[in-house]
Amino acid sequence: MTLPAGIDPAVPPSGDGCVECDEAGGWWFHLRRCAQCGHVGCCDSSPAQHATAHAGATGHPFVQSFEPGESWFWNYETSEMYESGPDLAPPVSHPEGQPSPGPAGRVPQDWTSALR
């Protein structure tokens with residue numbers, strides 16, 4: 001199987017949460033994993049939208065949902081969603097016990113007012 005440019009199935013995710021939100025003490029709604037370098041960033045409904053910012057800064061076109069039970073991909077270049085794709089290196093999601101929004105202890109009580 002020939003993979004499209006921008007997907008490296010051997011690269012593991014960068015961690016259990018959004019890299020930039022963790023560094024800044026922020027929070028996220030859902031997580032996305034870069035299919036090229038493994039960077040985990042927060043989704044476009046999250047206050048900071050780090051996954052999209054990563055794609056724009058690096059040119060890495062594909063993300064996969066990093067939510068338990070989800071396997072879809074998004075192509076930033078074409079704005080296309082794919083129900084499935086190649087298997088990426090594990091783990092394929094954040095830990096099941098980690099809440100969404102997350103992480104536990106950093107989500108404000110009025111978090112719904114911050115969603116985009």
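Reader: Which residue in β2 does Arg-32 stand opposite?

Author: This is a predicted model, where local features need pLDDT of at least 70, side-chain atom pairs count only at pLDDT 80 or more, and totals for chains, interfaces and linings use all residues. Residues are numbered from 1 along each chain as its sequence is written, and side-chain values use heavy atoms, without hydrogens and water. β1 and strand β2 (residues 40–42) pair antiparallel over three bridges; pairing takes at least two DSSP bridges between two strands, and strands are DSSP runs of E, at least two residues, numbered from the N terminus. In β2, the residue opposite Arg-32 is Gly-41.

Reader: Which residue takes a positive phi in the hairpin of β1 and β2?

Author: Five residues lie between the strands of this hairpin. The phi is near 90°, and the residue is Gly-38.

Reader: Which residue in β3 stands opposite Arg-33?

Author: β1 also pairs with strand β3 (residues 62–65), antiparallel, over three bridges. Opposite Arg-33 stands Gln-64.

Reader: Are the residues on the two faces of β1 buried or exposed?

Author: In a regular strand, side chains alternate between the two faces of the sheet. In β1 (residues 31–34), Leu-31 and Arg-33 take one side, Arg-32 and Cys-34 the other. Buried means under 20% relative accessible area, exposed over 50%, partly exposed in between (1.4 Å probe, protein chains only). All four residues are buried.

Reader: How far apart are the closest N and O atoms of Arg-106 and Asp-22?

Author: The two form a salt bridge (a side-chain nitrogen of Lys or Arg within 4 Å of a carboxyl oxygen of Asp or Glu). Arg-106 is partly exposed at 29%, and Asp-22 is partly exposed at 37%. The closest N and O atoms are apart by 2.7 Å.
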